[in-house]
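The following paragraphs lead the reader through one structure, step by step. The sequence and the model are shown first.

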Amino acid sequence: MITVFGSINMDLIATTDRLPKPGETVAGNGFTTAAGGKGANQALAARRAGRYVHMAGAVGKDGFAADALALLDDAGTDLSLVQHVDGPTGTALILVGGDGENMIAVVPGANGLVTAADAETAVGKMSEGDILMLQLEVPVDAVECALSEARVRGVTSILNLAPLTPDAPRLGRLADIVIANETEFERLAGQDGMDAEAREAALHRLHQETGQTLIVTLGGDGVIAIRNGVISRAQGLKIEPVDTVGAGDTFCGYFTASLDEGLDFASALRRAAVAGSLACLKAGAQPSIPLSQDVADRI
């Protein structure tokens, strides 16, 4: 079983020919809303990959709450650990440029009210061999508590170091498996401006220190990882991206689902990389997440 402990948002998405520079206003050419939040995105990806998933988190008592949960509910995700709290549902304000790149501002809303007690409740329902997936869009003490409880219970913890926060390096040391993009990994390693050789050396160094499985996503260049002292690489698909906003979360969800399904590590990386590529072909974080059969067809 997979439990995702994390954020649930509504995404407000505007598209532009190009992203604005600081202080600049640009004309938009489209607007839409879509369910989002890194926790919810990853939960939906794991569910669409075919696994049984619990979502643990919080939404507000506002007009966004039902829409934020709609796709998770439609997919058959267990929502019994989602609380409805006073105040607004979390929102993300997203600008997507003509090249598919994006800028995002996240307003926590109900996500900011998730507590360590909520983490204890969620992880308390898990058993040895289950997988807990987390991100950094809910309060630090709640994430730290969930990671600690997972270790006590023999639950495998997977932490995606996004969005990058000052606590990310410390929390990263508490997880069994860490997933980061290039920038996040540099913060974890305490080394800026890594080239490929320096990145691989840092993977070996951190792995030797912690014994953790470390995964670094590299966008169009695929993914590099280290597990049990061995470096692995995987490639996604060659694509022309429409919107990259859901790619990382799709990777995380599909990777976690693949481990839960019993795939070997290399196959899990490849499947997740292909799924992440496919997520770039549609707009919106959750609407873009591919179905398991679509991923299998492309592999």
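Which residues of helix α3 (residues 116-124) are buried? In this predicted model, the buried residues of α3 are Asp118, Ala119, Ala122 and Val123. Viewed down the axis of α3, these buried residues fall within an arc of 120°, and they therefore line one face of the helix. The elements that cover the buried residues of α3 include the strands β1 (2-5), β4 (53-59), β5 (78-84) and β8, together with helix α4.

Strand β8 comprises residues 131-134 and is joined to β9 by four bridges, the two strands running parallel. Within this pairing, Met133 has Ile158 of β9 as its bridge partner.

Why may strand β9 be described as largely enclosed by the rest of the structure? Strand β9 spans residues 156-160, and four of its five residues are buried, so the remainder of the structure largely encloses the strand. Ser157 lies in this strand. With a relative accessible area of 2%, Ser157 is buried, since the cut-off for a buried residue is under 20%. Apart from its neighbours within four places in sequence, Ser157 is in contact with Leu132, Leu147, Ala150, Leu174, Ala175, Asp176 and Ile177.

Attention may now turn to another sheet. In general, the strands of a sheet pair through backbone hydrogen bonds, and the pairing may be parallel or antiparallel. How many strands form the open sheet that contains β3, and in what order do they lie? Four strands form it, in the order β3-β2-β6-β7, and their pairing is mixed. The edge strands, each of which pairs on one side only, are β3 (28-36) and β7 (102-107). On average, neighbouring strands of this sheet are turned by 15° against each other, direction being ignored. Strand β2 (residues 9-16) pairs with β3 in the antiparallel sense over eight bridges. Within this pair of strands, Thr15 stands opposite Gly30 in β3.

Definitions and conventions: Residues numbered from 1 in each chain as written. Predicted model: local features only at pLDDT ≥ 70, side-chain atom pairs only at ≥ 80, totals over all residues. Heavy atoms only, no water. Pairing = 2+ DSSP bridges. Axes fitted to C-alpha atoms, helices over the stretch in contact; angles between N-to-C directions. Buried < 20%, exposed > 50% of the residue type's maximum accessible area, 1.4 Å probe, protein only. Arc of directions from axis to C-beta. Contact = heavy atoms within 4.5 Å.
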